[in-house]
Amino acid sequence: MIQSMTGFGKATLQLPTKKISVELKSLNSKGLDLNTRMPSVYREMELGLRNQLSQRLERGKIDFSLYIDVTGEETSSKINIPIVKGYINQMKAVIPNADETELMKMAVRMPDALKTEREEIDEKEWESIQKVIDQALENIVSFRKDEGKALEKEFIQRIANIKKLMLEAVAYDSERIETVKTRLRTALDELQMNVDENRFEQELIFYLEKYDITEEKVRLENHLNYFVETLAGTEANGRKLGFITQEMGREINTMGSKSNHSEMQKLVVMMKDELEKIKEQVLNVL
């Protein structure tokens with residue numbers, strides 16, 4: 001079953017003093033383009049996190065966001081008491097009769113009045129965060145699989161359309177050959193030339209062989225079947241599907257150049273249109 005590279009996953013967990021939220025967004029990309037946003041205290045865990053995300057998501061433009069909302073009284077910012085007292089004493093020297101409450105309000109707004117103590121990672125807390133990350137990964141993978149089902153359904157329909165159009169084009173083959181024969185015979189009659197019938201038939205066969213589309217039809221049919229088989233694979237196969245569509249396009253283009261028949265050419269254009277729509281969506285396949 002194929003997966004889309006487009007997806008979204010979110011998970012949250014409420015701890016006694018913190019709310020942990022993880023969001024994962026994914027868009028299509030040729031490779032893995034991973035962008036992470038998290039509080040600085042957890043930056044030392046980033047390398048392992050990147051490995052974890054790359055193993056599960058494989059490809060895509062991935063945005064990972066970790067949010068920590070403090071819901072209790074816990075805070076890493078503390079009043080720098082010596083600095084604040086120093087500011088107050090300096091302002092008292094300037095304004096001896098100033099209200100101390102007002103001085104305090106002014107002092108805590110001054111540079112370095114608050115200090116942020118460096119937090120250490122709590123292992124139990126990180127284990128909890130890891131569970132939230134795992135859940136978010138499960139959610140985005142589930143989203144990708146659902147998107148993949150929709151893509152697979154569309155691919156199968158468009159492959160069927162191309163097969164139908166191909167058979168309709170092949171049905172004009174005998175009519176096309178008779179048209180070529182008639183046109184050549186008319187041209188010779190207009191020139192009032194006497195020709196050897198055996199030689200004429202040999203030259204006609206040689207001429208028609210250049211416009212024969214049997215091989216293209218067989219190869220295109222094989223590519224179409226191979227595409228459907230690859231859809232059912234268990235591994236990431238977006239690149240493989242892209243290669244198959246290139247081969248399909250090559251055969252359709254050759255059929256178009258050989259057709260030499262207005263109705264066949266119309267059908268070839270319709271096949272190209274279906275193939276282009278497949279190519280557009282293949283870019284979204286993991």
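A residue counts as buried when its relative accessible area is under 20%. In this predicted model, Phe227 has a relative accessible area of 0%, so Phe227 is buried. Phe155 has a relative accessibility of 1% and therefore also counts as buried.

**Nonpolar cores**
- The largest nonpolar core has 26 residues, and those touching the most other members are Phe155, Ile162, Leu220, Phe227, Met248 and Met271.
- At least two residues of this core come from each of helix H4 (123–171), helix H7 (214–231), helix H8 (238–259) and helix H9 (262–282).
- Leaving aside residues up to four places away in sequence, Met271 touches Ile162, Leu165, Met166, Leu220, Ile252 and Met255.
- Another core, of 23 residues, lies apart from the largest one; among its members are Leu15, Tyr42, Ile62 and Leu66.
- In soluble globular proteins, nonpolar side chains tend to be buried together.

**Aromatic pairs**
- Two aromatic pairs are found in the structure.
- In the pair formed by Phe155 and Phe227, the ring centres are 5.6 Å apart and the planes stand at 85 degrees, so the arrangement is edge-to-face.
- Because Phe155 belongs to helix H4 and Phe227 to helix H7, this pair ties together parts that are 72 residues apart in sequence.

- Strand S3 (residues 32–37) pairs with strand S4 (residues 60–70) in the parallel sense, over six bridges.
- Leu34 has Ile62 as its bridge partner in S4, and Ile62 is also among the members of the 23-residue core.
- Together with helix H1 (residues 46–57), S3 and S4 make a left-handed β-α-β unit.

Technical notes. Residues are numbered from 1 along each chain as its sequence is written. This is a predicted model: local features need pLDDT of at least 70, side-chain atom pairs count only at pLDDT 80 or more; totals for chains, interfaces and linings use all residues. Side-chain values use heavy atoms; hydrogens and water are left out. A nonpolar core is a set of buried Ala, Val, Leu, Ile, Met, Phe, Trp, Tyr and Cys residues joined through side-chain atoms within 4.5 Å. Buried means under 20% relative accessible area, exposed over 50%, partly exposed in between (1.4 Å probe, protein chains only). Helices (H or I, at least four residues) and strands (E, at least two) are DSSP runs, numbered from the N terminus. Contact means heavy atoms within 4.5 Å. Rings of Phe, Tyr and Trp (its six-membered ring) pair if their centres lie within 6.5 Å; planes under 30 degrees apart count as stacked, over 60 as edge-to-face and the rest as tilted. Two strands pair if DSSP finds at least two bridges between them. A crossover is right-handed if, with the strands pointing away from the viewer, the path from the first strand over the helix to the second runs clockwise.
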